Structures are given as structure tokens and as C-alpha cells.
Amino acid sequence: MKADLPEILDGYFAAQNRHDIDAMVACFAADAAVRDEGRDIVGTRAIRAWKKETSAKYRISAEPIECRVEDDRTIVLVKVSGTFDGSPANLTYRFGFSGDGRIGALEIR
């Protein structure tokens, strides 16, 4: 089942599955903040480095399976597969959006 996602998130996950770093980073606002694996990543330069690192390390593919809105966040349950222990795993992506509709915040758990 394909989750019904906002357009920017469709683009983000499609770019993730193509391992297209430029297209993934283009989905983020310039001052976006990401929380992943206990790390805080802020700004598109740092987000680019994070996506390059994780793409090379884990070769992730992501299948959004559920999407809902809670308060000011869009919550997406994602089946993530790759070269990591426990693959595949269902992870929760919590997105916040900037004023221009890009991703302004992302927390992955």
C-alpha cells in the first residue's frame, strides 16, 4: 500500500530510492534541522554530508507505508531496507515544514 504523501515528501522518498543526494537536499529548507541516530544535523551543507554518508554506508531504500498529521508534524511510517543490522525495519519519520513548503525539520526514530 502506498501512503498518500505531500508532494515534497513524494519527491524526498523518490530521491532517496534513487540515491540522488542533490534531489534529496533540494527538499530541505536552508536552515532545516534533522535528528537521526542521536545526532543533530543543521543546514543544507550538513544535511548533504549526512545523506552522502548514510547513502554510502547503508544503501537505504524507503517505502512509506502510512502517513498522518499530528499537530504541526507529518508522521510517516517507513519500511527502510539496506545494509544495516535488522533490515528491513519500520522507522518513524516526523516532518515539519518551512514557510516555503520545504522540509524544515525531520526526526527519524
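Predicted model: local features only at pLDDT ≥ 70, side-chain atom pairs only at ≥ 80, totals over all residues.
Start with the charged side chains. A search of the whole structure returns 10 salt bridges. Several of the residues involved join up. E66, R68, E70, R94, E107 and R109 are linked in a network of salt bridges.

Take R68 as the entry point. Its side chain meets that of E66 in a salt bridge, at 3.4 Å from N to O. R68 also forms a salt bridge with E70, and there the closest N and O atoms are 2.8 Å apart.

E66 comes out at 38% and is partly exposed. E70 has a relative accessible area of 31%, which again means partly exposed. The cut-offs explain the label: buried means under 20%, exposed means over 50%, and partly exposed lies in between.

The 4.0 Å value still counts because the criterion is a side-chain nitrogen of Lys or Arg within 4 Å of a carboxyl oxygen of Asp or Glu. R94 is partly exposed, with a relative accessible area of 21%. E107 is partly exposed too, at 28%.

Next, look at T74. Which strand holds this residue? T74 lies in strand β4, which covers residues 73-81. Its relative accessible area is 7%, so T74 is buried. What does T74 touch, leaving aside residues up to four places away in sequence? The contacts are P6, L9, C67, R68, V69, Y93, R94, F95 and F97. R68 and R94 both belong to the salt-bridge network, and both touch T74.

The largest pocket holds about 270 Å³. It is lined by 16 residues, and those closest to its centre are D36, E37, I60, L91 and I108. Where does the lining come from? Helix α1 (7-18), helix α3 (44-58) and strand β5 each supply at least two residues. Of these, α3 gives the largest share, with 4 residues. By class, the lining has 10 nonpolar, 2 polar and 4 charged residues.

Finish in helix α3, which holds K57. K57 has a relative accessibility of 48%, so it counts as partly exposed. Its side chain makes a polar contact with the side chain of Y58, at 3.3 Å. K57 also pairs in space with a residue from elsewhere in the sequence. The C-alpha atoms of K57 and F84 are 8.4 Å apart, although the residues are 27 apart in sequence.

Methods:
Residues numbered from 1 in each chain as written. Heavy atoms only, no water. Buried < 20%, exposed > 50% of the residue type's maximum accessible area, 1.4 Å probe, protein only. 1 Å grid on protein atoms, 1.4 Å probe; cavity = no way out; pocket = protein on both sides within 12 Å on 5 of 7 lines; lining within 4 Å. Points joined across faces, edges and corners; volume = space filled by probe spheres on them. Nonpolar A, V, L, I, M, F, W, Y, C, P; charged D, E, K, R; others polar. Contact = heavy atoms within 4.5 Å. Polar contact = N/O pair within 3.5 Å; in protein donor to acceptor, adjacent residues only side chain to side chain.
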